[in-house]
Amino acid sequence: MNVLFKQVDVFSTTRYGGNPFGVVLLGDNHQLTSSQMQKFAAWTNLSETTFILPPTHIDADYQLKIYTTTRELPFAGHPTLGMLTICLLDDLLLCCVKMYYKLIDYIIFCFVNIYIYLYIV
C-alpha cells in the first residue's frame with residue numbers, strides 16, 4: 001500500500017519556523033486501522049498528524065482524522081488549514097471541499113481562493 005506523507009510548517013514564512021504537523025493521504029483501498037494511524041502519528045512525533053480518508057458521510061468529499069502522539073482529536077484548526085493548503089498546492093484536493101469529522105459528527109465546508117475560509121455547515 002502506498003501512502004503519501006508530508007511534514008509541513010504552518011503559520012510561518014520561514015522554514016522550520018512554524019507549527020509542524022504531518023499530512024497523510026490515504027486512498028480508497030487503504031487498510032489502516034485507527035490503532036495503526038495512532039501508532040503512525042506517535043512515530044512522527046509531531047504535535048498533530050492528519051489523515052485524509054475517503055468520505056464516510058454522504059454529504060462529504062473527504063473524511064479527516066487528526067491524531068496527536070497519544071490520541072485522536074475531534075477537530076483542530078491549524079492542521080485543518082495547513083492540510084488544505086498543502087493539498088491544494090499539490091493539486092491533491094479541489095478548491096471547495098467538505099471535510100467530515102466523525103468524532104464530532106460535523107462537516108466543515110472549506111473554500112480556498114488565496115485565503116482559506118471555513119464555514120461550519
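Me: In this predicted model, in which helix does Thr80 lie?

Reply: Thr80 belongs to helix H2, which spans residues 77-89.

Me: Why is Thr80 called buried?

Reply: The relative accessible area of Thr80 is 0%. Buried means under 20%, so Thr80 with its 0% qualifies as buried.

Me: What makes the pair formed by the side chain of Thr80 and the backbone oxygen of Ala76 a polar contact?

Reply: A polar atom of the Thr80 side chain lies 2.7 Å from the backbone oxygen of Ala76. The cut-off for a polar contact is 3.5 Å, and the value of 2.7 Å is within it.

Me: Which residues is Thr80 in contact with, leaving aside its neighbours within four places in sequence?

Reply: Thr80 is in contact with Leu64, Ile66, Phe75 and Tyr101. Two of these, Leu64 and Ile66, are also listed among the residues with the most contacts inside the largest nonpolar core, which has 13 residues. Strands E1 (4-10), E2 (19-25) and E4 (62-67), together with H2, are the elements that give two or more residues to this core. H2 gives the most, with 3 residues.

Me: How do you know that E1 and E2 pair?

Reply: Pairing requires at least two bridges, and 7 bridges join E1 to E2, so these antiparallel strands pair.

Me: What makes E2 and E3 a pair?

Reply: E2 and strand E3 (residues 49-53) share 4 bridges in the parallel sense, against a requirement of at least two. Leu25 has Ile52 as its bridge partner in E3. With helix H1 (residues 34-44), E2 and E3 make a right-handed β-α-β unit.

Key:
Residues are numbered from 1 along each chain as its sequence is written. This is a predicted model: local features need pLDDT of at least 70, side-chain atom pairs count only at pLDDT 80 or more; totals for chains, interfaces and linings use all residues. Side-chain values use heavy atoms; hydrogens and water are left out. Buried means under 20% relative accessible area, exposed over 50%, partly exposed in between (1.4 Å probe, protein chains only). A polar contact is a pair of N or O atoms within 3.5 Å; within protein, one must be able to donate a hydrogen and the other to accept it, and residues adjacent in sequence count only if both atoms are side-chain atoms. Contact means heavy atoms within 4.5 Å. A nonpolar core is a set of buried Ala, Val, Leu, Ile, Met, Phe, Trp, Tyr and Cys residues joined through side-chain atoms within 4.5 Å. A crossover is right-handed if, with the strands pointing away from the viewer, the path from the first strand over the helix to the second runs clockwise.
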